[in-house]
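The following exercises ask the reader to work from a three-dimensional model to a description in words. Each task is followed by a solution in steps.

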Amino acid sequence: MTIGEAVLQGTRLLEDGGTAAPRLTAEVLLAHALRRDRTYLYAHSNEELGEVGWIHFGRYLHERLKGKPTQYITKRQEFFGREFRVSPAVLIPRPETEHVVEAALKRIEPGCAVVDVGTGSGAIAITLALESQAHVFATDISATALKVAGENAG
């Protein structure tokens with residue numbers, strides 16, 4: 001089976017399973033299985049998919065069809081132009097949350113203190129720290145979430 005055929009087969013499975021954006025999801029999961037970016041799939045669509053890649057892709061498709069979010073499978077989510085690590089210990093940063101960051105940036109003055117309570121992945125705190133000259137503090141009741149945030153701040 002070629003990479004292109006695998007994308008089509010994965011798309012059909014996800015579509016039949018009622019997954020939103022089945023083609024995009026299939027591409028993201030196959031790229032993750034191959035440890036490549038999505039452009040690789042297009043440039044190498046006629047390349048044979050190896051056994052290990054097929055096994056990983058099949059497992060990821062199964063997890064997605066069982067309802068596991070794509071981001072928890074890939075352990076990644078883009079936020080404000082940066083990639084953040086995510087896990088089931090944290091909420092997945094949502095695109096609409098970027099509006100919160102934009103609104104906060106309009107109010108933050110250089111040197112002021114900002115506290116992100118319930119930081120989770122740290123996406124908001126890290127982004128505010130990188131986009132402003134504020135002193136940003138991230139807190140969370142979950143030690144596991146703080147570990148994820150620390151890795152993202154890393």
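**Exercise 1. Determine how α2 and α4 are arranged relative to each other.**

Solution. The model examined here is a predicted one.

Step 1. Locate the partners: α2 covers residues 22–34, and helix α4 covers residues 51–65.

Step 2. Consider distance and angle. The two axes come within 8 Å, and they cross at roughly 140 degrees.

Step 3. State the hand: α2 and α4 form a right-handed crossing.

**Exercise 2. Describe the packing of helix α1 against α2.**

Solution. 

Step 1. Helix α1 comprises residues 3–16, and its axis lies 8 Å from that of α2.

Step 2. The packing angle is about 130 degrees. The helices α1 and α2 are therefore oblique to each other.

Step 3. The crossing in which α1 passes α2 is right-handed.

**Exercise 3. In which sense do β1 and β2 pair, parallel or antiparallel?**

Solution. 

Step 1. Strand β1 consists of residues 76–79 and strand β2 of residues 82–85.

Step 2. The pairing is antiparallel and extends over four bridges. Within it, R76 stands opposite R85 in β2.

Step 3. Examine the turn. The hairpin of β1 and β2 has two residues between the strands, and F80 there takes a positive phi near 55 degrees.

**Exercise 4. Characterise the largest pocket by its volume and its lining.**

Solution. 

Step 1. The volume of the largest pocket is about 490 Å³.

Step 2. Its lining consists of 20 residues, and those closest to the centre are V28, T70, Q71, T74 and R76.

Step 3. Assign the lining to elements. Two or more residues come from each of α2, α5 (70–74) and β1. The greatest contribution is that of α2, with five residues.

Step 4. Sort the lining by class: five residues are nonpolar, seven polar and eight charged.

**Exercise 5. Carry out the analysis for the second largest pocket.**

Solution. 

Step 1. The second largest pocket holds about 260 Å³ of space.

Step 2. Its lining has 17 residues, with L91, P93, G118, T119 and I124 nearest the centre.

Step 3. The elements giving two or more residues to this lining are β3 (113–117) and α7 (123–131).

Step 4. By class, the lining contains eight nonpolar, six polar and three charged residues.

Terms used
Residues numbered from 1 in each chain as written. Predicted model: local features only at pLDDT ≥ 70, side-chain atom pairs only at ≥ 80, totals over all residues. Heavy atoms only, no water. Pairing = 2+ DSSP bridges. 1 Å grid on protein atoms, 1.4 Å probe; cavity = no way out; pocket = protein on both sides within 12 Å on 5 of 7 lines; lining within 4 Å. Points joined across faces, edges and corners; volume = space filled by probe spheres on them. Nonpolar A, V, L, I, M, F, W, Y, C, P; charged D, E, K, R; others polar. Axes fitted to C-alpha atoms, helices over the stretch in contact; angles between N-to-C directions. Left-handed = near helix turned anticlockwise from the far one by under 90°. Parallel < 35°, antiparallel > 145°, perpendicular 65-115°, else oblique.
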